[in-house]
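Thank you for making time this morning. I would like to walk through one model with you, beginning with a pair of helices and then turning to the sheets.

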Amino acid sequence: MSTTPQTIVLVHGAFAESASWNGVVPRLQQAGHRVIAVANPLRGLASDAAYVRSVIESIDGDVVVAGHSYGGSVASEAAAGLPNVSALVFVASFLLEPGESTGELAGRFPGNLLGTALAPVPYRTGESSGEDLYIDQEKFHEIFAADVDAETATLMAATQRPIAAQALADAATQAGWARIPSWSLIATQDLAVPLEASRFMAERAGATAVELEASHAVTVSQPEAVADIILEAARSTAPSPVR
């Protein structure tokens, strides 16, 4: 029996941008889905989630939301309570409980080396000021994208979008995965979301977990595998067509 295509919303994380999904998007489209790779503001968990939530609320029909890295924290917060979100997919990502922050979960278990590569830069806007975090470009390939070719990693390092330090410290207030069927792709060579942390969060959430030998930049290095788990979530939760 055929099923109704969903809209798939992709949420990038820190130090990345919407183009980090470029290898994934065509595979989802070829399967018949509409895809939106949103521009995650990376300014604060509550405001980022509110922005992504507004995008989801504008969509007619069922939505599958996939988040990479900090984008998973945002996706879970944004999707909580929305009746049109049929599935959540966490890709080398965080599954926060209320009261937890992305930074706290990243450091709770051994194996996180990303913190050693971060360079803080003060920023000012017309309304606020704070501290942005960048990955040192000289360390980007090794720490963030070890299984990506050097030329691509160099480009990713130059085009990375910084995250406000406060966003990593902000605590979640809701957990979308508590009521929405969830999947988790665990990158076993991840130096930003340690393997032990990934397994702990996926098990706690009751998520369907798939482990893959990959770096944190798995959306770029292995887009086929990322698309596969998103398509599995879409197939598993798609509504049957009305007859």
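This is a predicted model: local features need pLDDT of at least 70, side-chain atom pairs count only at pLDDT 80 or more; totals for chains, interfaces and linings use all residues.

Let me begin with helices α5 and α6, which are oblique to each other, because angles under 35 degrees count as roughly parallel, over 145 as roughly antiparallel, 65 to 115 as roughly perpendicular and the rest as oblique. The axes of α5 (residues 137–144) and α6 (residues 150–159) cross at roughly 120 degrees and come within 9 Å; an axis here is a line fitted to C-alpha atoms, for helices over the stretch in contact, and angles run from 0 to 180 degrees between N-to-C directions. Helices (H or I, at least four residues) and strands (E, at least two) are DSSP runs, numbered from the N terminus.

Residues are numbered from 1 along each chain as its sequence is written, and side-chain values use heavy atoms, with hydrogens and water left out.

On the α5 side the contact (heavy atoms within 4.5 Å) is made by Gln137, Phe140, His141 and Phe144, and on the α6 side by Ala150, Ala153, Met156, Ala157 and Ala158. These contact residues divide into seven nonpolar, two polar and no charged, where Ala, Val, Leu, Ile, Met, Phe, Trp, Tyr, Cys and Pro count as nonpolar, Asp, Glu, Lys and Arg as charged, and the others, Gly among them, as polar.

Now to the sheets. Six strands form an open sheet in the order β2-β1-β3-β4-β8-β9, with parallel pairing, and two strands are said to pair if DSSP finds at least two bridges between them. The edge strands, each pairing on one side only, are β2 (34–38) and β9 (208–212).

How many residues of strand β3 are buried? Six of its six residues, 63–68, are buried, that is, under 20% relative accessible area with a 1.4 Å probe and protein chains only, where over 50% is exposed and in between is partly exposed. Val63, Val65 and Gly67 point one way from β3, and Val64, Ala66 and His68 the other way. Strand β1 (residues 7–11) is joined to β3 by five bridges, with Val11 opposite Gly67, while β3 and β4 pair over six bridges, with Val91 in β4 as the bridge partner of His68.

There is also an open sheet of three strands, in the order β5-β6-β7, and its pairing is antiparallel. Strand β6 (residues 129–135) pairs with β7 over two bridges, and Asp132 stands opposite Ala164 in β7.

Finally, Pro83 lies in the loop between α3 (70–79) and β4 (85–91), and it is exposed, with a relative accessible area of 78%.
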